[in-house]
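Student: I'd like to learn how to read a structure feature by feature. Please take me through this one, starting with a single residue.

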Amino acid sequence: MFTNANSGALTALQMLGGTTQAQETVQEEIATGKSISSAQDNAALWAISQVMQADVAGFSALSDSLSLNEATVTVAAVGAEYATDILVEMKQLAITATGANVDHGKIEAQMAQKTEQLNSIISASQFNGVNLLRTDVDGNGSTSLTVATSLDRQGSTSPVLSSLSVNGLDLEGSASFDINNRTTITDGASALTALGEIEGFLQYAVDGAAALGASASRISDQNDYLGKLSDAMRMGISNLTDANLEEVATRMIALEVQHQLGVISLSIANSASERLLQLNQTR
């Protein structure tokens, strides 16, 4: 009698090989923390996760840009607010100068100093080379600041970049803020004229400062929203691709037991075959 094949050993060996392959898969999930780490694992879900990860990366870049632009607008808003404080002081000086028993020359000297201070504020209110209080905002002739706000995706099409425009507050060359050509105060009558001009300058600066402040707040709110949106998208990607480590650990334990049983089964099958060969040899 001859033994051509040990079917029991072959079966045990096949089961042991399958268990070993499953263990390798589970070990990879534990190492990477992901149940889907390549297109081979699940092509459809992997593709979705890659697109979403690209969008999250885009939102991260947008957040950096929003932070930069928020700072730019905030600096301009602070400059405009400080300019209104100086204009209030100039208004008070002009009111004082409408009286007859005052030194108009000294008041005019103070007004000149306030004007120089205003010009200094206008020049200094820049961030990273962009100054929304000047006629030329960025040195390239722009009168506004374009701020990228979001990446909008619909269906399978490429995302579209959305943006908003922050108009500059021209305190340098606007006819509504011609502070350098205001009426010189020499007497009560000229003081009244200067007072009317300063009232107009003040209103222009107040309106502009309010608009810049509102734009800075809007940019800040958009940045906060992008942060929350990115967190939600990361959670969605995690739900698609991340492994449940508790479940994976349980599977690993079960596979280790299964592997041990497979080794035992293979050993038993081989032992049976050896005994059969010994039996044949004794006959």
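Tutor: Start with Tyr204, which has a relative accessibility of 23% and so counts as partly exposed. The scale runs like this: buried is under 20% relative accessible area, exposed is over 50%, and partly exposed is in between, using a 1.4 Å probe and protein chains only.

Student: And what kind of model is this?

Tutor: A predicted one, where local features need pLDDT of at least 70 and side-chain atom pairs count only at pLDDT 80 or more, while totals for chains, interfaces and linings use all residues. Residues are numbered from 1 along each chain as its sequence is written, and side-chain values use heavy atoms, with hydrogens and water left out.

Student: How do I read aromatic pairs, and how many are there?

Tutor: Look at the rings of Phe, Tyr and Trp (its six-membered ring): they pair if their centres lie within 6.5 Å, and planes under 30 degrees apart count as stacked, over 60 as edge-to-face and the rest as tilted. The rule gives two aromatic pairs here. Take Phe177 and Phe201: their ring centres are 5.6 Å apart and the planes meet at 50 degrees, so this pair is tilted. Phe177 sits in the loop between β2 and α4 and Phe201 in helix α4, so the pair links distant parts of the chain, 24 residues apart.

Student: Which residues have the most contacts inside the largest nonpolar core?

Tutor: The general idea is that nonpolar side chains tend to be buried together in soluble globular proteins. A nonpolar core is a set of buried Ala, Val, Leu, Ile, Met, Phe, Trp, Tyr and Cys residues joined through side-chain atoms within 4.5 Å. The largest one here has 48 residues, and Leu87, Val166, Phe177 and Leu212 have the most contacts inside it. At least two residues of this core come from each of α2, α3 (104–124), β1 (144–152), β2 and α4. The largest share, 15 residues, is supplied by α2.

Student: What does Val166 contact?

Tutor: Contact means heavy atoms within 4.5 Å. Setting aside neighbours within four places in sequence, the partners of Val166 include Val73, Leu132, Leu145, Leu212 and Ile219.

Student: Now charges. How many salt bridges are there?

Tutor: Side chains of opposite charge can pair when their charged atoms come close. We call it a salt bridge when a side-chain nitrogen of Lys or Arg is within 4 Å of a carboxyl oxygen of Asp or Glu. This structure holds six. One of them joins Glu89 and Lys114, with the closest N and O atoms 2.4 Å apart. Glu89 is in helix α2 and Lys114 in helix α3, so parts 25 residues apart in sequence are tied together. Another joins Lys91 and Glu199 at 2.8 Å between the closest N and O atoms. That pair ties together parts 108 residues apart in sequence, since Lys91 lies in helix α2 and Glu199 in helix α4.

Student: Where is Asp170 found, and which side chain of opposite charge is nearest to Asp170?

Tutor: Asp170 is in the loop between β2 (160–167) and α4 (188–241). Asp170 is buried yet has no salt bridge, and the nearest side chain of opposite charge, Arg134, is 7.8 Å away. For charge, Lys and Arg count as positive and Asp and Glu as negative, with His and the chain ends not counted. A polar atom of the Asp170 side chain does lie 3.4 Å from the backbone nitrogen of Ser174. Phe177 and Tyr204 are among the residues in contact with Asp170, leaving aside neighbours within four places in sequence.

Notes: Helices (H or I, at least four residues) and strands (E, at least two) are DSSP runs, numbered from the N terminus. A polar contact is a pair of N or O atoms within 3.5 Å; within protein, one must be able to donate a hydrogen and the other to accept it, and residues adjacent in sequence count only if both atoms are side-chain atoms.
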